[in-house]
Every structure is written in structure tokens, then in C-alpha cells.
Amino acid sequence: MPVPATGRHQAGIALPRQAQPNLLAVVADVDDTAAPGPLLAELGQAIRALTAGTDPRLLGLSPGDLTVTVGVGPRLVRTAGASLPGAADLPRFSRERIAPHARGGDLLIQICAGDPLLLPVVAAALLDHAGDRVRERWRQSARRGTNVSVGNGLTAPRNPLGFIDGIVGPHTTAEQERDLWLAGPPAVAGGTLAVLRRMELDLTRFAALSVAEQEAVFGRRRASGVPLSGGTAASGPELGAKTPDGRYLVPADAHVRRAHATVVGVGLMLRRSYSTDQPAPGLLFISFQNDLRTFTATLTHMETSDALLSFTTTTASATFLILPGFDRQRPLGSQLFG
């Protein structure tokens with residue numbers, strides 16, 4: 001089903017509500033001599049043509065539910081204003097093995113679709129539009145697992161470790177206005193902040209654990225996603241619940257406890273996790289939030305004792321200001337760069 005490319009927000013974040021199964025993320029740098037405004041406006045025009053199926057570079061493929069989401073990195077944001085949301089670089093964290101080319105970047109092009117054949121075709125068309133004004137840093141193809149119902153009309157996919165991923169998030173309109181979308185200043189209103197983290201997973205070592213041990217790592221039942229404290233998958237864990245002998249039902253180092261927004265003292269993040277095969281079996285993690293601290297404070301809190309992190313190694317990392325939505329009268333990036 002077609003997804004409108006224009007509107008208050010860019011497509012590919014909260015629309016469609018159930019994310020497409022295939023993703024290609026392309027991270028690039030913008031040449032110092034290139035003006036960001038015209039480049040982004042041209043990309044917006046190309047996105048409209050591609051999603052409408054009128055660009056001949058689609059090679060006869062139907063765009064279907066294709067979405068393209070564009071973000072700009074901190075260096076470009078700082079040229080528009082050093083105090084703007086998105087101007088801050090992502091700090092370094094533990095358990096990282098990141099080559100210089102895989103850290104940071106000026107431009108994110110996120111392409112999502114039900115048809116995986118579209119991804120490289122659309123990426124080639126957009127990079128052709130950009131020409132020598134951009135230089136690709138890295139790209140990652142990824143896919144989402146089968147969606148599972150978690151109640152309250154919500155679904156979420158399983159991750160490569162077998163657990164349902166992305167249950168908690170700003171799902172309602174009110175939650176998204178509070179925690180997802182930027183409200184100001186006007187140059188960024190309607191946008192959001194994205195964090196990309198590509199991780200290798202130690203699948204062999206995790207698979208060697210018993211199911212009970214795996215569940216203790218996450219703090220949820222593997223089959224159903226229900227918290228170890230009980231309830232339903234969609235209900236939050238009762239972090240104070242204990243056994244008769246005084247042990248926490250959700251272990252102190254369980255992922256759902258260490259990453260819990262209330263425990264960390266931050267808002268909710270819209271999390272999207274995708275499975276990867278290359279360059280190694282793992283996960284592409286993408287989060288959207290209107291305050292970068294939502295991510296950085298959460299990961300800092302996790303680093304102290306989250307049992308899940310011992311099975312991960314991050315190999316690429318970046319943050320981007322996802323630009324506000326656009327249309328014919330308001331080109332992509334025009335609020336920020338004119």
C-alpha cells in the first residue's frame with residue numbers, strides 16, 4: 001500500500017505504523033563545497049518521484065510501500081546553529097570496535113520497503129541525484145523478523161536472539177508528541193533525532209544458555225514477551241516484584257530493568273531493530289527520540305550492569321537530525337538551510 005512521502009513528518013518513522021520488513025541505511029559525507037539546501041531539496045524531489053513510481057530509474061519496479069527518510073549529521077546541523085537539536089555528536093561508549101569511516105556522518109538515507117529489490121535501486125537513484133556532492137561512508141542492509149502480537153493492538157518482531165523486540169515505545173499520538181517529535185525551534189519542528197548502532201551478536205554463546213538464563217538476561221519470557229514479573233507483553237514490568245525469599249522477579253541486571261525509561265529518568269524512544277547477515281551476524285538498532293539524552297543516558301545506565309551488553313559489540317555508530325516533513329511548497333531541508 002503506498003505511503004505518502006509528504007506531510008508534517010517524513011515517512012518511515014511512525015508511518016507506516018508497522019515498519020516494512022526490509023531496510024537499507026546509507027551513511028554518507030557531504031562535500032564541503034556543496035550547499036546542503038539545494039542538495040536536500042533535490043533529494044526531496046527525487047523521493048517524491050520514486051515513491052510515486054514516476055522515476056524511470058525504478059526500472060519498472062512498483063514502489064509499493066516504499067519510504068525514504070533523510071537525516072543530517074551534527075556537522076551539518078552546526079552550520080545552521082550550534083545550539084540546535086542534532087548539533088551534538090554521539091559520545092563513545094564501551095564495547096565498541098568501530099572503524100573511523102563507520103563513526104558519524106553527514107547524511108543518512110534510510111530506505112524501507114516490502115520488496116527487497118527496491119532498496120539498492122532506490123539508493124542508486126538517490127546517490128546519482130547527489131552526484132559528487134556526497135561520498136558514501138557505509139551502508140547496511142537489514143530485515144525485521146516476523147511480527148508477533150503483544151496486545152493493545154500492537155505488534156513487534158523477534159530479534160536474532162529469539163526475543164520480541166520493541167514492545168515499549170511512544171505508540172500513541174500523545175506519547176509521540178511528548179517523546180518522539182521535535183516541537184521547536186521552527187527550523188526542526190516536526191523532525192526527530194535518530195541513533196544508528198550496528199552490532200555484532202555472540203549468537204553461539206547466547207544459544208548455549210538455558211532458556212531460563214536467556215530470559216533472565218532480557219527480563220521477559222522468550223516465547224511470549226511477558227515480563228518475568230507477570231502481566232502481559234504490553235504491560236510494563238513490575239520492577240519491585242519479589243519472590244517470597246526476597247529476590248527480584250526481574251533480575252537486577254536484566255535488560256528491561258537497566259533500559260527502563262522510568263529507572264533511567266528519560267522519555268520513551270521509538271526503537272527499530274533489524275537482523276543483519278553481513279559483515280557479521282548481528283543487529284542494526286535504530287532509535288528515534290526528541291532528546292539525544294534519551295538514548296545516551298539509557299546506554300550509560302546499561303553499561304554499568306546490563307547483562308545483554310556482554311553479547312554485543314558495536315561496529316558502526318551515528319546520530320542524525322531527521323528533517324521535518326516536506327511538500328512542493330516546503331522543500332526537504334528548507335526550514336533548516338533555506
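How much space lies in the largest pocket? About 940 Å³ lies there, where a pocket is an open set of points on a 1 Å grid over the protein atoms alone, at which a 1.4 Å probe fits, with protein on both sides within 12 Å along at least five of seven lines, and a volume is the space filled by probe spheres set on the points.

Before you start, note that this is a predicted model, in which local features need pLDDT of at least 70 and side-chain atom pairs count only at pLDDT 80 or more, while totals for chains, interfaces and linings use all residues. Residues are numbered from 1 along each chain as its sequence is written, and side-chain values use heavy atoms, with hydrogens and water left out.

**The largest pocket**

Select Asp-165, His-255, Ala-259, Arg-271 and Phe-285, which are the closest to the pocket's centre of the 46 residues that line it, a lining residue being one with an atom within 4 Å of a point. Next select α9 (292-305), the element from which the largest share of this lining, five residues, comes; helices here are DSSP runs of H or I with at least four residues, and strands are runs of E with at least two.

**The second largest pocket**

Move on to Arg-17, Gln-18, Thr-155, His-171 and Arg-272, the closest to the centre among the 22 residues that line the second largest pocket, whose volume is about 350 Å³. Strands β5, β6 and β8 each give two or more residues to this lining.

**Two helices**

Now select α1 (residues 36-52) together with α3 (residues 118-130), which pack at an angle of about 145° with their axes 9 Å apart; the axes are lines fitted to C-alpha atoms over the stretch in contact, and angles run from 0 to 180 degrees between N-to-C directions. The contact, meaning heavy atoms within 4.5 Å, includes Leu-39 and Leu-43 of α1 and Val-122 and Leu-126 of α3.

**Backbone details**

Select Leu-15 and Pro-16, which are joined by a cis peptide bond with omega of about 0°, in a stretch where Pro-16 belongs to the segment before β1 (22-30). The peptide bond from Gly-184 to Pro-185 is cis as well, and Pro-185 is found in the loop between α4 (173-179) and β7 (192-201).

Finish at Asn-152, in the loop between β5 (147-151) and β6 (154-157), where phi is near 55°, a positive value in a residue other than glycine. Is Asn-152 buried or exposed? Asn-152 is exposed, with a relative accessible area of 68%, since exposed means over 50% and buried under 20%, with partly exposed in between (1.4 Å probe, protein chains only).
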